[in-house]
Structures are given as C-alpha cells and as structure tokens.
Amino acid sequence: MGTTHRSGGSKKSNDGVRLIVTAIMGMVFGYFAGVSFPPVTLSKITLPSRLMSSLDMAFTDETINARRSFPENSGSGNTPATPKIFVPTNPRGAESLPPGIVVSESDLYLRRLWGEPSQDLKSKPKYLVSFTVGAEQKRNINEAVKKFSKDFQILLFHYDGRASEWDEFEWSRRAIHVSVKKQTKWWYAKRFLHPDIVAAYDYIFIWDEDLGVEHFNADKYIELVRKHGLEISQPGLEPNNGLTWQMTKRLGDREVHKETEEKPGWCNDPHIPPCAAFVEIMAPVFSRDAWRCVWHMIQNDLVHGWGLDFALRRCVEPAHEKIGVVDSQWIIHQVIPSLGNQGETENGRPPWQGVRDRCKHEWGLFQDRLASADKEYISQLRRTP
C-alpha cells in the first residue's frame, strides 16, 4: 500500500511540471508572435462618417441621460412618484399641473434652433403691427413698414397666398408671415391674435394695406397715445381723401381729439358713437387690455368686422375719454378695393359687389346678436333672486 501511495504522488508531480512548462512555452510563443506583427493604433482606423455620427450621438445621449434625473419615473414599481395635483386657479384644462410649470401666455418672438434659449433674443419688440396684404400692394406696405422702428414686430397676413414674393425686402425676412387665401384681417385676427398669444405687446395695430403714411411716425404716435390715455385709437384721416366719418377726420390744430359733431339726430348722447368713443376699423390701435376684450367680441363667422367700430366702447370705461383720434400723426386712406376683388363673379355682378353686400349683411347680423345678448343678460338678472 505504501508503494502505491508513492507512485500516485510522483504522477501528480509530473503533471504539474508539464502544465508549468506548457504555460511558459505559450507565453514565449505569444511574445514572439506579437513582436513579429507591425503595431496598429486606433488613430489609423477610419470608420464611415455615418457610423461615427451615430456613435457620437449615442455617446452624447448616454452622457446626458446619465446626468439627468427623471422624477416621473422615480416611484416604486409602475407607480410614478408624481403628486396628485388639482389647482382650480390654473387655466382651464391645466388644473392637474403645478402652477410653476404653467405658461399661459406666449409671443411672436422669432427664436433660433441652437444655443442657449436665454440668449436667443437680443431685443424684444414692444408693439405688434399687422397688415392684411396682397402682393399688388408690396410697394405701399414697404413704405409703411419704414415708419415703424425695431420696437415693432411686423406681421403680414397674406390673403393671396403669395408670401414668398416679399423676400425682396430685407425687413420681410424678420417679419412673420401667415398665408391663407381670400380671408379678411378680422378672420386672421380672431384665429392668430388671441390675447394670450400677443400678451407680450403693449399695443396692437391691426391695419389695412391701402394707407398712405407720409405724415405718420409710429414712435411719436405711441407717445401721444400714452400721453392722452387712449386705450383704443387710430391716426387721423386726411379729410379730402375718400369717405369717412366726421369723428375720424384729422383736425389740424391739436394732437388728439375724442369727440366731434355729426349730422343732426345722429347722436342722442354726445359721448356715444359716432360723435365720441369711436374709431373706424381700417386702422385701429388697441392697448393690450382693450384688445383682450375686443377679441372676445369678434364673431367667428362675421369676417368683415362691420359694426364692430360702434361696439368698441364696451371694452373701455369711460369710453369717451379712452377712445380717440391722433391728429398730429395722420394717414391717408387710399381706398384701393384690392380685397374686394378677391370675391367671385355671380350672375354677372362684379366680385367686389358680392363682398360689399356681405359686409352690409354682417353689420345687421352683428347688431342683432349684440342686441339679443344684451336682452338675454338683462333677463337673467331679473330672474336672479
């Protein structure tokens, strides 16, 4: 038994020696094999640019994700850790959001696609001026825009679909363009100038395209509007050009006027339209607060705005003091029926005739709706205990 034990130990010892020798030989072979090949560096490996771009984006995303936390996913299991929120004072539909994340108003500032968001804007326009335009009036609008400084954001509503033709003007590249064929400025205003969208601007100009501005300066106009406390205003109109109301005709001996005398019987009260508290709809200017009220009064289907001028007084108080005409900054109404020509010929009648008829019809509809709304409101008050 002793002999058997000694022979087993000798066999294990020989196996161990053989394993060590084999390992040493492998290391020597590996060394000589390695030095026999030329060195290779990663800097000499060229990968396809598309692959490199994908790798770069993947690395960047991983780096960002590693630093960013996701509180929505920090709960246990499938239950987010987001608290239950209901804030009734939030805007309608946003009651489930924490107030600190709610942004209820916006603006029309143009922003870039790169860089730090806080550095996007070198300046912020204080006022908004919109023109409803066709390409045939490019020269006229170009002259008008020159009267507005960099404090004014220019917005063009294109009723003929030819927005790209305005690129010849340098200022047009900074302007905002909205193009929908054969629509009016009040159609655009109702859909694109919601008070929460234009809340960043102190005053909103909603102007026609056929206005001569040789005697107008926008910055001086704003100074006079502030000085005289006008919430709704318009420049005075040259009295010898086109048909206009007595109230909106320019008076040459003053800065501003807020009332006038009309034909006998037109004004039962000297403080109501058209003798006071009245401007026309061709070139109105609204303060931010006044526009918030006026926007809600514009009807979706009454696109020409006729009759609106007589109702503007409902949006400021006292209206005969806060609505007026700026005489020392005046314009000329050129009476160009360009929008009227966007109508259609029916039964041999010219396009403008159908547009004109629609305007008159809308005026009657607006008056009826306003009278009905007043009557309904009064009836509700009487029924309330």
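**Stop 1: the disulfides**

Start with the cysteines: there are 2 disulfides, a disulfide being a pair of cysteine sulfur atoms within 2.5 Å. This is a predicted model, so local features need pLDDT of at least 70 and side-chain atom pairs count only at pLDDT 80 or more, while totals for chains, interfaces and linings use all residues. Residues are numbered from 1 along each chain as its sequence is written, and side-chain values use heavy atoms, with hydrogens and water left out.

Select cysteine 267 and cysteine 275, whose sulfur atoms are 1.9 Å apart in a disulfide. The torsion about their S-S bond is about 95°, so this disulfide is right-handed. Cysteine 275 is buried at 7% relative accessibility (buried means under 20% relative accessible area, exposed over 50%, and partly exposed in between, with a 1.4 Å probe and protein chains only).

Next, pick cysteine 293 and cysteine 315, joined with an S to S distance of 2.0 Å. Here the torsion about the S-S bond is -70°, and the link is left-handed. Cysteine 293 sits in helix H6 and cysteine 315 in the loop between helix H7 (308-311) and helix H8 (319-322), so the pair ties together parts that are 22 residues apart in sequence. (Helices, H or I with at least four residues, and strands, E with at least two, are DSSP runs numbered from the N terminus.) Cysteine 293 is partly exposed at 31%, whereas cysteine 315 is buried at 13%. With the bonded cysteines numbered in sequence order, the pairing reads 1-2, 3-4.

**Stop 2: the salt bridges**

Side chains of opposite charge can pair when their charged atoms come close. The structure holds 19 salt bridges, each a side-chain nitrogen of Lys or Arg within 4 Å of a carboxyl oxygen of Asp or Glu.

Stay with helix H6 (residues 288-297) and select arginine 292. Its salt bridge partner is aspartate 196, with the closest N and O atoms 2.9 Å apart. The pair links distant parts of the chain, 96 residues apart, with aspartate 196 in the loop between helix H4 (185-192) and strand E4 (203-207). Aspartate 196 is partly exposed at 23% relative accessibility, and arginine 292 is partly exposed at 30%.

Now go to glutamate 238 and arginine 250, which meet in a salt bridge at 3.9 Å, N to O. Both lie in the loop between strand E6 (232-237) and strand E7 (256-257), 12 residues apart. Glutamate 238 is buried at 10%, while arginine 250 is partly exposed at 25%.

**Stop 3: the empty space**

Rolling a probe the size of a water molecule over the atoms shows where empty space is left. On a 1 Å grid over the protein atoms alone, a cavity is a set of points where a 1.4 Å probe fits but cannot get out; a pocket is an open set with protein on both sides within 12 Å along at least five of seven lines, and lining residues have an atom within 4 Å of a point. Grid points are joined across faces, edges and corners, and a volume is the space filled by probe spheres set on the points.

For the second largest pocket, about 550 Å³ in volume, select Ser123, Pro125, Lys150, Gln153 and Arg174, which lie nearest its centre among 17 lining residues. Strand E2 (residues 152-158) gives the largest share of that lining, 3 residues.

Finish at the largest cavity, which holds about 80 Å³ of space. Its lining includes Trp186, Met297, Trp306, Glu362 and Phe366.
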